[in-house]
Amino acid sequence: MLLALWASCVLAQDPVLERRVTSLSHELRCLVCQNQTLADSNAPLAIDLRNQIREQLAAGKSERDVVDFMVARYGDFVLYRPPLKGSTILLWAGPFAFVVVGFTLLVRVVRRRRIAAPQLSDAERSRAAKLLE
Amino acid sequence: MKRALWTLGIFVALVALLAVGLRLDPREVPSPLIGKPAPPFELPLLTEPDKRFSQKDMLGKVWIMNVWASWCPPCLVEHPVVTRIAQSGLAPVVGLNYKDARDDALPWLKRNGNPYQLIVFDANGRIGIDYGVYGVPETYVIDRKGVIRYKHIGPLNADVVKQKVEPLVQQLNSGG
Amino acid sequence: MIPELGQIALALALAVAIIQAVLPLAGAANGNRAWIAVARPAAQTQALLVAFAFGCLTYAFVNNDFSVAYVADHSNSALPLHYRVSGVWGGHEGSLLLWTLMLGVWMTAVSWFSGHLPEEMTARVLGVMGIVSLGFLAFMLFTSNPFDRQFPPAIDGRDLNPLLQDPGMVIHPPMLYMGYVGFSVAFAFAVAALLSGKLDAAWARWSRPWTTVAWMFLTLGIALGSGWAYYELGWGGWWFWDPVENASFMPWLIGTALIHSLAVTEKRGGFRSWTVLLAIIAFGLSLLGTFLVRSGVLTSVHAFAVDPKRGIFILGLFTVLIGGALALYAWRTSRIGLGGEFAPVSRESFLLANNVLLVAAAGAVFLGTLYPLLIDALGAGKISVGPPYFESVFVPLMAPALFLMGVGPLARWKHTTIPELAVLLRWALAVSLAVGLLLPLAFGQWHALTGFALALAVWIVATALISLKKRPRGSRAHLGMVTAHIGVAVFVVGVTLVKTYESDKDLKMKPGDTVSLAGYLFRLDQVTNVKGPNYVAARAKVLVTRNGEAITVMYPEKRLYVVQNMPMTEAAIDPGPTRDLYVSLGDPFDDGSWLVKVQHKPFIDWIWVGCLIMALGGLLAASDRRYRVVLPRRRGAEVTA
């Protein structure tokens, strides 16, 4: 445990690396304290996984590689940003679809109300104009 | 009218979903490793630090790996079940002592009994991460070719052993 | 003895609720004046009985009666008095009693302030509220009785969860519940309108202030919850898109859509059917939230003790109440009729656009919150939907709504023109763009999104001021709207600036060490051990200076609550109008040093101040004169609306 902390302290000297670790840790879910990100959780596993992230990024792996590493071991559950796959198309497209459907209905309603407005004949129009003078 | 029916339809679907949800456990994280080869490791034994063991050593046999630690109360709760499995001769049970200290683990075994054929010592939990361990105890069933076929998260109980573990091991042993 | 009295009071309340649910509704349908007249006294009696039961439970807590299981689970003799009181709603059973109490409060208010409504309408509204109350009382008595005894009585209690031992915890649930339960009034009104087949501008004029007040409470409740999470949970976050947070946010979004839709119904008699549907959905989402917290269907930090039996009961209640209302809606909505006409460019259409965006946003939050459950139920695995999803989806939906907030209030009802609006808005647009382009530079780094968000915030304020200038002697309701919109702008500024420019440092420090962040120098002076009423703690003393000048001294603590053996991080916060400084202690090392996290959070308090201003706007709007003019009630005759 102390070894892990020491290792993380040594590597923690590099602020750019730390920023990458933190930003990636914010995208991953802690498996133990499941309502926290890996960045915020103090569970031992979270600390271990943060160290893993740090070591791998320091060794030259990309964010993508680290994410794949985590998913291979823990599944999609560990990702707070759901991956775009067949099963999540509805999720990602949904909000956009809501807006499109909503505005389509809005246009329809507005059109309906407009048509309902009375149309004056020319005679009525000139009468109205005379009255308004 | 159409709007109302749409809303009712969504409502009914929602209630159905929630009803199903009542029988699910949102906290359980199934393992993506099922059907994949057991991640390789080579670790010292807990009891004899000079000797090492690798998952390769079990190829050709169906075996069970039980992840435990002395600081884990549910591990103590499931210990009699694990012991019974080992004693029944169903399959060899290998222990993975996870993020523990020898000075705590050995007395724990002395107090509660050691049912394991052998125990590997994963002090820093790296191998645990490779196996997707997130909450001890966890138990894996691995087949002859070294592929993980089943994972149970949390303490084992007699029901799970009877309904899941035993049938699977028997099936794998007979040729599955 | 007292707990038994409380239980009897609840059982009596259930009996009264049954009467209140059945007689007035039947009476309104048949014109039976005697039955209609039962509504008010029944509501008031029920409220009194529930209040009495609540008092009994409070008494049990204050007097450390550990023979009551609920008290034993959530209290302790060493717990300070004010937390023994707030512990009453610290767990599932007690919080249900709080819910029911709030319902009693709202029912009583309705029974007092409905003098100028037709008697049948009042009877129907109270009757529907009676059905809701019946559901909750039954739920308590049959599955979640707060007065259950245990033998032998516990020697001492298991203590209130330390996270809840906090002033914010005292007030957050009551406010939140006032909001949730308040939407039951709007719901009852909607159902009453469907039952009677009558829905007109007068109906809207009556339900609008009640809905606005409920919305105000919900705004406060959510803001309090967020503020509490910020200073209590110890890591500086204030919104996590946690399922239970979302469960409170969804009714807020729909509630906001509802108060805007009601504006059209009240002013122009339009959107009637849609307003009714929104009211049903708003309350439906309140109930859904209640379900989600207590059923174990989703994991959350907020979840109460989980019991599938309870989940089934609430789901049943939800199905009956909302399903029933929706079925009634499908059947009777055609009777309500259409409203007035309006042109494509008019205040009505802008409000309609507002509604589309808010409902889409609520839909997005709903989708994200329930999607993991859907995937799991379909056997397609387990996924997580967290802040990255919600942020990428919610912000683009809200941005147009923020823009429209500037345009809508300046558009005339029924018909307006784009040129007319452009003339009013051109300076506001120019100023907003200028600020959006320049202000981020003042803070350091320029980001396009930051500039865009700031421009929107300035746009809202500028257009609000134009709106005030256009109607200098506008009504209090108008002032309320302007205030609430400005509150939104303040909120947006807070969120944007803190998310763009916040910074933190996480490091190992021993006494004497310093760390600098955002121009401030933090020095760890010493760490001492202190003792609280029911905890022990390590308290650090951190001196903060800037350019050599002393700014403040901060005392973060790492507490251990002895009864539950639960550690807690008590962060130290130095609040300010332009920034918060946030210092929290992590774990200690063997050599006497500590893991310390220091954070600089610019303008973060604007988030909650913005919410307060929004709530103030709601209060102003609801207290407008037009709602307080009460027509004299002529006994025995109908008052036409």
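## Chains A, B and C: a quick briefing

Read along its sequence, chain B runs α-β-β-β-α-β-α-β-α-β-β-α, which comes to five helices and seven strands. This is a predicted model, so keep that in mind for everything below. Chain C has 19 helices and 10 strands, and chain B touches it through 18 residues of its own. There are also two helix pairs to look at, one in chain C and one in chain A.

**Chain B overall**

- With a radius of gyration of 20 Å, against the 16 Å that the globule rule gives for 176 residues, chain B is more spread out than a compact globule.
- The box filled by its C-alpha atoms, taken along the principal axes, is roughly 80 × 40 × 30 Å.
- Buried residues account for 39% of the 176 in chain B.
- If you take the chain B contacts with a separation of 6 or more, 74% of them involve residues 24 or more positions apart.

**One residue in chain B: Gln170(B)**

- Gln170(B) sits in helix H5 of chain B, which covers residues 158-174.
- Gln170(B) has 13 other C-beta atoms within 10 Å, so it counts as partly exposed.
- Along the chain, Gln170(B) and Ala91(B) are 79 residues apart, yet their C-alpha atoms are separated by 9.1 Å.

**Chain C overall**

- Chain C has a radius of gyration of 26 Å, close to the 26 Å from the globule rule for 641 residues, so it is as compact as a globular protein of that length.
- Its C-alpha atoms take up a box of roughly 80 × 75 × 50 Å along the principal axes.
- Of its 641 residues, 58% are buried.
- For contacts in chain C between residues at least 6 apart in sequence, 74% link residues at least 24 apart.

**Where chain C meets chain B**

- The contact draws 26 residues from chain C and 18 residues from chain B.
- On the chain C side, the elements giving two or more residues are helices H11 (272-295), H12 (308-336) and H13 (347-377).
- H12(C) gives the most to that side, with 13 residues.
- By class, the chain C side splits into 16 nonpolar, eight polar and two charged residues.

**H13 against H14 in chain C**

- H13(C), one of the helices on the side that touches chain B, also packs on helix H14 of chain C (residues 387-407) at an angle of about 165°, with the axes 10 Å apart.
- The two helices, H13(C) and H14(C), are therefore roughly antiparallel, and their crossing is left-handed.
- From H13(C), the contact residues include Phe350(C), Leu357(C), Leu358(C) and Val365(C); from H14(C), they include Tyr389(C), Phe390(C), Phe394(C) and Leu404(C).
- The class count for this contact is 18 nonpolar, two polar and no charged residues.

**H2 against H3 in chain A**

- Helix H2 of chain A (residues 15-25) and helix H3 of chain A (residues 44-58) cross at roughly 130°, and their axes come within 10 Å.
- That angle makes H2(A) oblique to H3(A), and the crossing is right-handed.
- H2(A) brings Leu17(A), Arg20(A), Val21(A), Leu24(A) and Ser25(A) to the contact, while H3(A) brings Arg50(A), Ile53(A), Arg54(A), Leu57(A) and Ala58(A).
- Sorted by class, the residues of this contact are six nonpolar, one polar and three charged.

Note on methods:
Residues numbered from 1 in each chain as written. Chains lettered and ligands numbered in written order. Predicted model: local features only at pLDDT ≥ 70, side-chain atom pairs only at ≥ 80, totals over all residues. Helix = DSSP H or I, 4+ residues; strand = E, 2+ residues; numbered from the N terminus. Buried ≥ 20, exposed ≤ 12 C-beta atoms within 10 Å, placed from the backbone. Contact = placed C-beta atoms within 7 Å. Nonpolar A, V, L, I, M, F, W, Y, C, P; charged D, E, K, R; others polar. Axes fitted to C-alpha atoms, helices over the stretch in contact; angles between N-to-C directions. Parallel < 35°, antiparallel > 145°, perpendicular 65-115°, else oblique. Left-handed = near helix turned anticlockwise from the far one by under 90°. Rg over C-alpha atoms; globule rule 2.2 N^0.38 Å.
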